[in-house]
Each structure stands twice: as structure tokens, then as C-alpha cells.
Amino acid sequence: MLTSLHIEGNSLLHRLPVRVKLIALVASSIVLFLSSSLVLQAIAFAVAATLYLSVGLPLKEALKRVGFVFLTIFFLAAVNLFLLPVSDVAALTLRLMALVLFAAAVTATTTISAFMDEITILLSPLERLGWLKAADVSLALGLVLRFVPDIFARYEAIREAHRARGLPVRPLTIIGPLIILTLKDADTIAAAIDARGFRRQ
Amino acid sequence: MNTRDLVLISLFAAIVVVLGLIPPITLGFIPVPITAQSMGVMLAGCILGAKRGALAFLLFLLLVAIGLPVLSGGRGGLVVLQGPSGGFILGWVVAAFVTGLIAERTVREGQAETRQFVGFFLASVLGGIVVLYAIGVPWISFVTGTPLLAAAGGSLVFIPGDLLKAAIATLAARAVYAGYPLLPARA
């Protein structure tokens with residue numbers, strides 16, 4: 001039900017460690033936002049587009065992934081044309097498109113487990129302070145992935161029950177029961193987790 | 001944090017994912033489709049309270065960031081955070097927290113039903129609309145260069161839909177509160 005946006009491959013970005021990619025993404029955001037040079041933004045756009053197209057996504061899928069964000073960018077660019085000089089609008093639009101393409105390339109070339117390993121490392125200072133446990137974050141993430149299909153099945157069941165009774169299917173009448181039924185499971189699940197000693201406390 | 005809180009947070013994040021899988025509902029009188037997902041912010045605050053509501057959305061944000069297509073329409077990944085609407089997505093965490101904070105302070109058991117409705121609606125509007133736009137709109141203005149007033153003016157289109165969402169969230173939150181109260185009672 002939830003397939004990762006990661007794409008198998010062996011491009012340059014696939015081989016780089018996650019940390020390098022994330023630092024590069026943050027660094028390029030900062031540099032591009034500090035600069036108003038049209039040339040720099042255009043180069044960044046060309047580089048990001050090349051990187052993104054080289055990760056091995058079919059063109060149609062590649063466009064689909066960034067299309068909805070590009071639509072908002074173009075819409076805002078159209079608004080900006082009435083308010084700002086054309087060269088500014090071009091620089092602003094290229095900068096955003098470059099960053100979006102770069103972000104899409106990082107997402108497509110990084111596995112969820114690689115992200116999780118990096119997050120665990122990032123959380124370790126907080127863990128030392130006793131604020132949270134990195135293992136809890138992985139557990140929470142696992143629980144979400146485990147329960148999405150169940151909750152969706154429950155949504156379908158409630159919808160069918162509405163239909164069977166001839167009631168209109170409205171968000172209002174579905175969301176309440178869906179949430180109550182789901183959250184009522186929390187105690188059972190929590191007891192099961194504690195019984196297995198997953199959190200060692 | 002006890003295990004029950006951890007599970008509640010995870011289950012709520014999973015509910016938000018499911019709300020994104022529900023096809024959006026288009027209403028005749030406003031141009032924007034109602035996605036059940038953006039109601040999740042108001043619901044999280046009103047049902048789980050400030051801390052757990054915000055953590056549920058932080059977890060949801062983590063799912064987005066690591067490349068799971070959990071946003072409505074199968075969107076996800078760092079793309080969404082890097083795009084113009086990134087502020088709204090990040091703002092969800094703060095919005096859920098403020099919604100919860102207000103709900104915790106205005107709604108308690110034994111009140112008249114109307115007062116509970118008013119409390120949840122106030123929390124949903126202030127947290128889920130005012131706070132969210134206070135983060136999202138300047139963000140748009142910053143990343144796209146659109147002057148703040150133009151960005152704010154353009155966002156007005158979404159307000160009627162958001163008020164409707166706040167109304168639906170209020171009714172749903174109150175139904176959950178009556179059936180299975182979780183909102184932390186303030187001592």
C-alpha cells in the first residue's frame with residue numbers, strides 16, 4: 001500500500017551516503033537563496049535537472065513526481081510577473097525548480113532504511129540528553145506502516161456499512177467512528193508491546 | 001512517554017495517512033477540493049491534545065521526508081518540503097500543537113455540549129487556520145519572492161474551505177470526546 005519513492009539504481013547519487021546528499025541539499029538551498037544571480041540559478045537548474053534525469057526514473061514518472069509542485073511554482077511565477085521585474089521572476093523560478101529537482105533526486109536515490117539510519121544518528125544527542133529514544137522513533141514508524149492497511153480496511157468497512165443502510169457517505173459520519181475504533185486499539189497494542197519487552201523499561 | 005502515548009501517536013499518524021487515501025470531496029460552492037488530510041491537524045490537536053497531536057504530525061512529517069507517498073494524491077518526499085507549500089507542511093506540527101493547547105484549556109468533561117463545540121471550533125480555527133497561515137504564507141512569500149500581501153490575498157480563496165473543515169473537525173472531535181475521551185484534562 002505504501003511503496004517507497006526510492007528507485008533502484010547505481011547512479012552517482014545512489015552511491016553517495018545520505019548524509020552527503022542531505023548536507024548538499026541544505027547547502028545548495030542556502031547558497032541559491034543568498035544569491036540573486038540569474039546565471040548561477042540557471043546553472044543550478046541545469047545541474048539539478050541532469051542529476052534528476054540520471055537517477056533512472058522513466059520520464060513520465062519523473063515528471064509526475066515533480067509536476068504538482070511545478071504547477072504551484074508556475075502559478076506563483078505568473079502572479080509575480082505582474083509585481084516584479086522579469087529577470088527577478090526568472091531567477092526566483094529557476095532557483096525553486098532547481099531545489100525541487102534536487103530534492104526529488106535525493107528522495108529517489110535514498111532508501112528508507114538509509115534515511116532511518118541517518119535519523120538515528122541525528123537523534124543520538126537528544127537521546128543522550130534523555131529527551132527521547134531513537135528506538136522509539138523506529139518503533140513508531142514501524143507501527144504506522146503496520147497499521148495503515150488495517151485502518152484503510154476499517155474505513156472501507158465503515159463506508160460499506162453506510163452504503164448497506166442507504167446512508168450517504170460523508171466525511172463527518174465516517175471520521176468519528178474511524179478514529180474511535182482505531183484509537184481504542186491503542187491499549188491492546190501498548191500492552192502487547194510492553195509484554196514483549198520491546199522498549200526495555 | 002509511556003507506551004500507550006507512543007501507540008496513540010503512531011495510530012493517529014496512520015489515520016492521517018489513511019485520510020490522504022480517501023478521495024477528495026468536491027463541493028459545488030467552493031473551487032477547492034476538500035481533502036480529509038488537512039483536517040487531520042485540527043483533529044490531532046482536538047483529540048490527542050497539544051503534545052501528542054504535535055508528535056503525531058512530527059512522525060507524519062518524518063514519513064514524508066524519508067520518501068513515503070503519504071500526502072494526499074500519493075505525494076511525498078523532500079520535494080514537497082522544498083516546494084512553495086513546504087511551510088504549510090512544516091506548519092502542521094505547530095498548528096496541531098496550538099490547536100491542542102487551546103482545546104485542552106477550553107474543553108472539559110461535564111460542560112454543556114455547546115461549550116465543547118465552541119471550544120473545539122475555536123481551537124481548530126485558531127490553530128488549524130490562523131497559526132498555519134501565519135507560518136505558510138510568509139514562507140511562500142520568502143521562497144517565491146511573491147510580495148507578502150499578494151500571497152496572503154491569494155490564500156483567502158482557501159479560507160471558506162478551511163472553515164468548513166474546522167466545522168467538520170469540531171463535530172468529529174466532539175463525537176470522539178464523547179465516545180472515547182483522550183484530551184489531557186488540565187489539573
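This note goes through the contact between the two chains and then some features inside each chain.

1. Basis. The model is predicted, with local features requiring pLDDT of at least 70 and side-chain atom pairs counting only at pLDDT 80 or more, while totals for chains, interfaces and linings use all residues. Residues are numbered from 1 along each chain as its sequence is written, chains are lettered from A in the order in which they are written, and side-chain values use heavy atoms, with hydrogens and water left out.

2. Extent of the interface. Chain A brings 63 residues and chain B brings 58 residues to the contact, where contact means heavy atoms within 4.5 Å. About 5,200 Å² is buried between chain A and chain B, 83% of it on carbon and sulfur atoms; buried area is the accessible area (1.4 Å probe) that two parts lose on being put together, summed over both.

3. Arg4(B) and Asp187(A) meet through their side chains in a salt bridge, at 2.5 Å from N to O.

4. The chain A side. Elements giving two or more residues to the side of chain A that touches chain B include α2 (18-34), α4 (59-83) and α7 (134-164) of chain A, where helices are DSSP runs (H or I, at least four residues) numbered from the N terminus. The most comes from α7(A), with 13 residues.

5. Within α7(A). The side chains of Arg146(A) and Asp150(A) also meet in a salt bridge, at 2.7 Å from N to O. Because these two residues, Arg146(A) and Asp150(A), are 4 residues apart in helix α7 of chain A, about one helical turn separates them. Over all chains, the structure holds 12 salt bridges.

6. Helix α5 of chain B. α5(B) bends by about 40° at Trp92(B), the bend being the angle between axes fitted to the seven residues ending there and the seven starting there.

How values were computed: A salt bridge is a side-chain nitrogen of Lys or Arg within 4 Å of a carboxyl oxygen of Asp or Glu.
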